[in-house]
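User: I'd like to learn how to read a few features of a protein model. Could you take me through them one at a time?

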Amino acid sequence: MTEPNTPSTEPVPDDATVIPVAGGSGSAGTGGYDVVVGKGLLGRLPGMLGPSVRRVLVIHPRALRATGDVVKADLETAGFQALTAEIPDAEEGKHIQVAAFCWQVLGQNDFTRSDAVVSVGGGSVSDVAGFVAATWLRGVRVVHFPTTLLGMVDAAVGGKAGINTAEGKNLVGAFHPPAGVLADLDTLLTLPPNELVSGLAEVVKCGFIADPEILTIIESSPEQAQNPHSSQLRELIERSIAVKAQVVSNDLREAGAREMLNYGHTLAHAIELAERYQWRHGAAVSVGLVFAAELARSVGRLDDATADRHRTILESLGLPTSYSSGRWETLLDGIRRDKKNRGDQLRFVLLDGLGKPTTYDVPDASLLFATYQEITE
Ligand SMILES: NC(=O)c1ccc[n+]([C@@H]2O[C@H](COP(=O)([O-])OP(=O)(O)OC[C@H]3O[C@@H](n4cnc5c(N)ncnc54)[C@H](O)[C@@H]3O)[C@@H](O)[C@H]2O)c1
Ligand SMILES: O=C(O)C(=O)C[C@@H](O)[C@H](O)[C@H](O)COP(=O)(O)O
Ligand SMILES: [Zn+2]
């Protein structure tokens, strides 16, 4: 795997797009923070960290060692005392022992409440780094520098941070909004195509729950949607971030409306657990979206055209839309541990129509088994 192009620090470009998010600990406006989308954004990092920060821990996976080193060197040039913590790649990084290793580095280097964490990597890195920042001294600042499409459009925005346990995905975590997010499009140039496509599943999710123009853009050219140089992909990124920013600005702690961002995830997380995290998150979300569409169709909430559109658009991107038969009991175990459930009540996010997400209390698990038959290979 090739590492991203080394981001340049100067000058800060003018063609960046700034998407504000309300709520949190950032420096933008009244307690909110900015998600900046553009190229050559690293020069903005000191400003996002803020004037009180002296020490910075840069957390990155092994695969992005050179990028982590560049970020560290730039921070040192800007006058910070910077350290790096190298963590295991992908889902192996979302582990309590990895968090403990980062806490040890912070402790041994006297990090105080006025110091900060920076994540450099995909969603797995922003999740664990955000969790470390949320828990160290009960909360220090974190800035995310996402290097995957999925990280830019989803994981780095909104403050959900967490790790996995043996029992399931993201079962331990915190809501800890970043002080800012730098989505540097240059980093996408080295992202393997299957990772970029994985991120597009979350983009499609945003299209179905809130911004149908996203679907139209992808349908008009699935190829350009996958081209890291294209204006279409940049527009998809900005639209998806705008959807997420709007939702989390109004419901950071998922008291209600934020649940819509979990569309497709009830089955997706169960698949990831069943597959021991050998499936990409976006691939699992893709199957989960089709499952949710079929469930909504079967209970008479979603029209055929919108339900069918799920499969068509996801397949046009090369994402999976079906899953192995014979795994239902394993999947149901995962579904029972979903955070949207209340007691024995299983709950899903479904669509009442395009752009009309709602929550659905499943009356009987047999309904889910029947829907599973609709998506098995
Ligand atoms: N907190 C949230 O709101 C939220 C939202 C969505 C997903 N997530 C989580 O995000 C995780 C998935 O994130 P992801 O899809 O970014 O995967 P990831 O973090 O596992 O990264 C995918 C792979 O790409 C490599 N990589 C990263 N950037 C690269 C680059 N620029 N060039 C080359 N290789 C690069 C990584 O080393 C890794 O092997 C899951 O754990 C999911 O649960 C969290
Ligand atoms: O931000 C949210 O809220 C989401 O649900 C976004 C999801 O894409 C993301 O995968 C999130 O990590 C899932 O959260 P969880 O609470 O179901 O673990
Ligand atoms: Zn997700």
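Analyst: We'll go through the metal site, the salt bridges, the cavities, a helix and a loop residue.

User: What should I know before we start?

Analyst: This is a predicted model, where local features need pLDDT of at least 70, side-chain atom pairs count only at pLDDT 80 or more, and totals for chains, interfaces and linings use all residues. Residues are numbered from 1 along each chain as its sequence is written, chains are lettered from A and ligands numbered from 1 in the order in which they are written, and side-chain values use heavy atoms, with hydrogens and water left out.

User: Okay, the metal. Which residues coordinate the zinc ion (ligand 3)?

Analyst: Donors are N, O and S atoms within 2.8 Å of the metal (3.2 Å for Na, K and Ca), and water is not among the atoms, so sites may look incomplete. Here the zinc ion (ligand 3) is held by Glu 202 (OE), His 265 (NE2) and His 281 (NE2), at 1.9 to 2.2 Å. Along the chain, these donors are spaced as E-x62-H-x15-H. Glu 202 belongs to helix H6 (residues 193–209) and His 281 to helix H11 (residues 281–298), so this pair ties together parts 79 residues apart in sequence. Helices (H or I, at least four residues) and strands (E, at least two) are DSSP runs, numbered from the N terminus.

User: Are Glu 202 and His 281 buried or exposed?

Analyst: Buried means under 20% relative accessible area, exposed over 50%, and partly exposed in between (1.4 Å probe, protein chains only). Glu 202 and His 281 are both buried; for Glu 202 the relative accessibility is 2%.

User: Now salt bridges. How many does the structure hold?

Analyst: Side chains of opposite charge can pair when their charged atoms come close. The rule here asks for a side-chain nitrogen of Lys or Arg within 4 Å of a carboxyl oxygen of Asp or Glu. By that rule, there are 27 salt bridges. Glu 202 turns up again: its side chain meets that of Lys 205 in a salt bridge (2.9 Å, N to O). Lys 205 and Glu 202 sit 3 residues apart in helix H6, so about one helical turn separates them. Lys 205 is buried too, at 1% relative accessibility.

User: And what about Glu 86 and Arg 65?

Analyst: Glu 86 and Arg 65 form a salt bridge in which the closest N and O atoms are 2.6 Å apart. That pair links distant parts of the chain, with Glu 86 in strand S4 (residues 81–87) and Arg 65 in helix H2 (residues 65–77), 21 residues apart. Both ends are partly exposed: Glu 86 has a relative accessible area of 24%, and Arg 65 is at 44%. Lys 340 and Asp 338 make another salt bridge (2.8 Å, N to O), and these two residues are buried. There's also a network, where salt bridges with shared partners join Glu 91, Lys 94, Asp 127, Lys 169 and Glu 272.

User: On to cavities. How many of 30 Å³ or more are there?

Analyst: Picture a 1 Å grid over the protein atoms alone: a cavity is a set of points where a 1.4 Å probe fits but cannot get out, and lining residues have an atom within 4 Å of a point. Grid points are joined across faces, edges and corners, and the volume is the space filled by probe spheres set on the points. The count is 2 cavities of 30 Å³ or more.

User: Which element gives the most to the lining of the largest cavity?

Analyst: That's H10, with 4 residues. Strand S8 (168–175) and helix H10 (265–274) each supply at least two. The lining residues include Lys 169, His 269 and Asp 338.

User: How enclosed is H10?

Analyst: H10 is largely enclosed by the rest of the structure, because 9 of its 10 residues are buried. His 265 and Glu 272 are among them. The cover over the buried residues of H10 includes S8, H6, H11, H13, S10 and helix H14 (365–375).

User: Last one: where does Arg 342 lie?

Analyst: Arg 342 is in the loop between helix H13 (328–336) and strand S10 (347–351). Arg 342 counts as partly exposed, at 47% relative accessibility. Contact means heavy atoms within 4.5 Å. Leaving aside neighbours within four places in sequence, Arg 342 is in contact with Glu 259 and Arg 347.

Note on methods: 1 Å grid on protein atoms, 1.4 Å probe; cavity = no way out; pocket = protein on both sides within 12 Å on 5 of 7 lines; lining within 4 Å.
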